[in-house]
Amino acid sequence: MNKPVLRTENLKAFYVLDVHGDQTVVKAVNGVNLHIRENEVYGIAGESGCGKSTLLKTLYGAIEPPLRLMGGKVYYRVVDEELDASRLSAEDKRYLRWEFISYVPQGSMSVHNPVLKLKETFHDFISAHLSGKTREEAFEIAKAWLVELGLPTKILDAYPHQLSGGMKQRVTIALAALLKPKVIICDEPTTALDVVVQRGVVQLLKSIQRELQNSIVLVTHDMGIHANVADRIAIMYAGVIVEEAPAATVFGSPQHPYTRYLINSLPRFGDKSARESAPGNPPLLSNLPGGCPFHPRCPYVLEICKREMPETVALNQNHKAACWLVVEREDGKTP
Amino acid sequence: MKVLKDLFEDYRFVVSFTILCALLLLAILSLFSPHDPTLWGTAPRDIKPSWEHLFGTNSKGQDLFWQAAFAVRNSLIIALIAASLSRVIAVLVGMVAGYKGGMTGTVLMFFSDVFLVIPLFLIIVMLAMLVRERMNLVTLGLLLAAFGWSWDARVIRSQILSLRERGFTQTAVLSGTGTVRLVLNEYMPFTTPLIFSTLINNMAWVIGLEITLAFLGLVNMDIPTLGTMLQWAISYQAILLGYWWWIVTPIVLSVLLFVALYWLSVSISEYLDPRTRIQRVGA
Amino acid sequence: MEKLLEVDRLTKVFTLGTMISRVRITAVDNVSFFVRPAEIFALAGESGCGKTTTARIILGFEQATSGQVIHKERPERDSKHRKVWFSESIQAIFQDPFSTFNPLRIVDRYFFETVRHYKLEDNREATIKRIDQKLKAVGLSYEEVAGRYPSEFSGGQLQRISIARALLTDPILMIADEPVSMVDASLRMSIVNLFKKLKEDIGVSVLYITHDLATAYYVSDRIAIMFRGNIVEMGPVEQVLMEPRHPYTRLLRESIPEVDPDMRWSEMITLTDIEQEEYLRRGCKFAGRCPMVMDVCKDIMPQDITVGDVQVKCHLYNSPSSGSS
């Protein structure tokens, strides 16, 4: 099996907020173990406020107050050597960014400097990595890359307002992949785009992955997008990963009750049978229920669910779930 | 009382509140003054500050402590008249122009723009010269109120314009809420901090302008204000004659008043800022 | 056939730009449709297709350039009357549940105000009873809502509260503008199911405005697909979405990702870069991207053609006789 290119160990990152003397701790990432393999699209699904964007920030090492790393480690596998991301010097980080790991934050398409042409903005970002190359050479590389991905090269000479949202998003993603990073992290790249444009973005992600054979970590709440691109999918709920499996397994035989609700509530064409949402509301990350965070909404809740957080159990090599129902069933199997 | 407790955590509020209280106390003391402030020769002339005459006396034979009490009181009265009245104009014009929009809005904003671009100071000076004979606290307040609203009307209008596009405006309309209630119930909570901070800023502006007009001799010199006090001191060449206390008293009082008003406005508007208020409501 | 609300040749022209370089965009172009009693009618399309503008005109938040909105009970177009019937018999809920209520005000005030302004009840007890009844209809209760600020609720709850407030006046039609696009995935269906339930239990019609064809398919009876200001296809949802006739509807339908890893997209698509160009096209607005484009499409705007139960705006369905005209 592939060695993980990006790995986390019991990662915890909390927001510590202080509003007029009242301290609030938002447990956005609350013990996450990820193994992202080489050459895969790894999808992370979850609803707003489940901590998925914070998880990405932590993976990228973009931790700024009030966000604090409370425990656990992030490891990057750079040239067969595993590095602890929290111990990297600022210079190493700068070097690894764009060349080893790129990050496309949510809504990044609207953060371009409005008075600079896209290529200038872009040049500012990557200039640190282009020592020994002139500006013109750098632009040639960028142009060749856009051609390879089937995007028009004239967009480099355009100002941000001249492009549609979908085009900006695609340029942002394409340029994030320019230095052929091993890992590309995309936060909600298709949100707020029209369906036809979404499809274009997905198409682009696929062709980048095919071209570079690298790993893409894709966060979105849209299960349809996951079904379409992800090789493996992690389901995140209230700061923890509750289930992880290959896409076909997640959609075919989900184990965690939350995943089941998520999958079964999706409307499908040609099937008008009634769909039910999970009851209740997602918990506040600043005020988590004890035990399994899903227990107040879970129809199969057991006594133990209210007291203890279940361990993550491997159902098979690729399928993991964190649920007492699964734990009990698996225990029953092996006497 | 939670409001005061929260406010007292801000040192700027504590300082400005203390200074203002002291100045107010001074102003209230004027009610118990043993002398008529307009009369000359009620005290020995040109005495340095002492226990008997705290701020000293001037060459007109007036006790400067009591003069200062009247000056602070009268300056504050002018400032309150002018600032409150101009707030009323600014709020009305800003809200109507913002919510109604269309032709009404364009006309109102045209007037406000006219007031913004004309050389305000020269016109105020000219008008002050015209009404000089009948100049008292109220007419001066009215005069300054008429010229102090245009910029704030514009600010309020732009806030209303953005609030109008928020979803709750539509919810209120669908709830059958009429225009007046809509503005009062939905927009006022957002606009109040703005009105409040511009009120205080406007008071500072009025006090400053009064000093300037007095300096030019365009107000009734018999009424003690911070401006006339300074003007008398200068016309009697207090500096040259070494009566420093005569000139220092109005200057120090003005500076204290400005600092207090400024910090008060900053700390209160920070406290009332809707963004931090929403956080507090949510906590 | 009874019509609750009829929109007749509605047109809205926006003028963009400065005095010197003006562009006139027809955001809503000759749009006609109607909503029947106890029916969920979906108005679907991508952003900038004119669906929200249409809703705003119906609600009176925007003036139409031409055309009219006809209401079953009070057909007069006098603006004063309009306000009354719009608010009483037509209510609306909006996209962003977090801005539906003023963050500095307690949510239940809107309920009391609605009852008071429309004189629905005359004492406090009856008012609270009515409010509680409507909140129960959306799965909440008066005790849960009373005295709380919007920030104390989740997006899903706020959207339910918003629906409950709209129900206070016993409307016959509810206009829902993208009601689930900002609601959490796990709660989305509960809102959509609510529309179904309201339709079946108390016969409220819903004009469901959305970009999400999957929920539109799930919940609605009839659907109109809008593209750049035009309704390009309209008819029973089963027919429009399962056998799309207009090439744009087909593209839209195929672009919805199937929630099934075995049905991934394989075909590549081309995207348009400049929206405005499409608005300004003379003929069919989709001609620039249409895989089946003909010469006639570029010059002449197609007529609405009825094929079975479905109305399509496409030259492909011109019968030989009408094609020559």
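Mentor: Helices (H or I, at least four residues) and strands (E, at least two) are DSSP runs, numbered from the N terminus. This is a predicted model, where local features need pLDDT of at least 70 and side-chain atom pairs count only at pLDDT 80 or more, while totals for chains, interfaces and linings use all residues. Residues are numbered from 1 along each chain as its sequence is written, and chains are lettered from A and ligands numbered from 1 in the order in which they are written.

Trainee: OK, what's the strand order in the open sheet of chain C?

Mentor: The order is β5-β6-β7-β3-β8-β9-β11-β10, eight strands with mixed pairing. At the edges stand β5 (90-93) and β10 (305-307) of chain C; each has a single partner strand, so one side of each lacks a neighbour in the sheet. On average, neighbouring strands of this sheet are turned by 20° against each other, direction ignored. For that angle, axes are lines fitted to C-alpha atoms (for helices over the stretch in contact), and angles run from 0 to 180 degrees between N-to-C directions.

Trainee: And how many bridges join β3 to β8 in chain C?

Mentor: Four, between β3 (residues 40-44) and β8 (residues 222-227) of chain C, and the two run parallel. Phe41(C) sits opposite Arg222(C) of β8(C).

Trainee: Switching to interfaces. How many residues does the contact between chain C and chain A take from each?

Mentor: Chain C gives 35 residues and chain A gives 37. Two residues are in contact if their C-beta atoms, placed from the backbone, lie within 7 Å.

Trainee: Which helices of chain C supply at least two residues of that side?

Mentor: α7 (155-167), α8 (185-202), α9 (213-219), α10 (237-242) and α11 (247-255) of chain C each do. The largest share, six residues, comes from α8(C). By type, the side of chain C that touches chain A has 18 nonpolar, nine polar and eight charged residues. Here Ala, Val, Leu, Ile, Met, Phe, Trp, Tyr, Cys and Pro count as nonpolar, Asp, Glu, Lys and Arg as charged, and the others, Gly among them, as polar.

Trainee: What covers the buried residues of α9(A)?

Mentor: The cover includes α7 (223-229), β10 (232-237), β11 (240-246) and α8 (247-252) of chain A, together with α8 of chain C. In α9 (residues 257-264) of chain A, the buried ones are Pro257(A), Tyr258(A), Thr259(A), Tyr261(A) and Leu262(A). A residue is buried if 20 or more other C-beta atoms lie within 10 Å of its own, exposed if 12 or fewer, and partly exposed in between, with C-beta atoms placed from the backbone.

Trainee: And how many residues of chain C are in contact with chain B?

Mentor: 19 residues of chain C, against 16 of chain B. β5, α3 (97-100) and α4 (108-117) of chain C each supply at least two residues of this side, and α4(C) has the largest share with four residues. The side of chain C that touches chain B divides into nine nonpolar, eight polar and two charged residues.

Trainee: What about chain A on its own, how many helices and strands?

Mentor: Chain A has eleven helices and 13 strands. Of its 335 residues, 45% count as buried. Its C-alpha atoms fill a box of roughly 65 × 50 × 50 Å along the principal axes.

Trainee: And how many for chain B?

Mentor: 13 helices and zero strands. The C-alpha box of chain B is roughly 75 × 45 × 30 Å along the principal axes, and buried residues make up 40% of its 283 residues.

Trainee: Is Gly148(B) buried or exposed?

Mentor: Gly148(B) counts as buried because it has 26 C-beta neighbours inside 10 Å. Gly148(B) lies in the loop between α6 (137-147) and α7 (150-164) of chain B. Leaving out residues up to four places away in sequence, Gly148(B) touches Ala82(B), Ser86(B), Asn202(B), Trp205(B) and Val206(B). Gly148(B) and Arg87(B) are 61 residues apart in sequence, with 8.4 Å from C-alpha to C-alpha.

Conventions
Two strands pair if DSSP finds at least two bridges between them.
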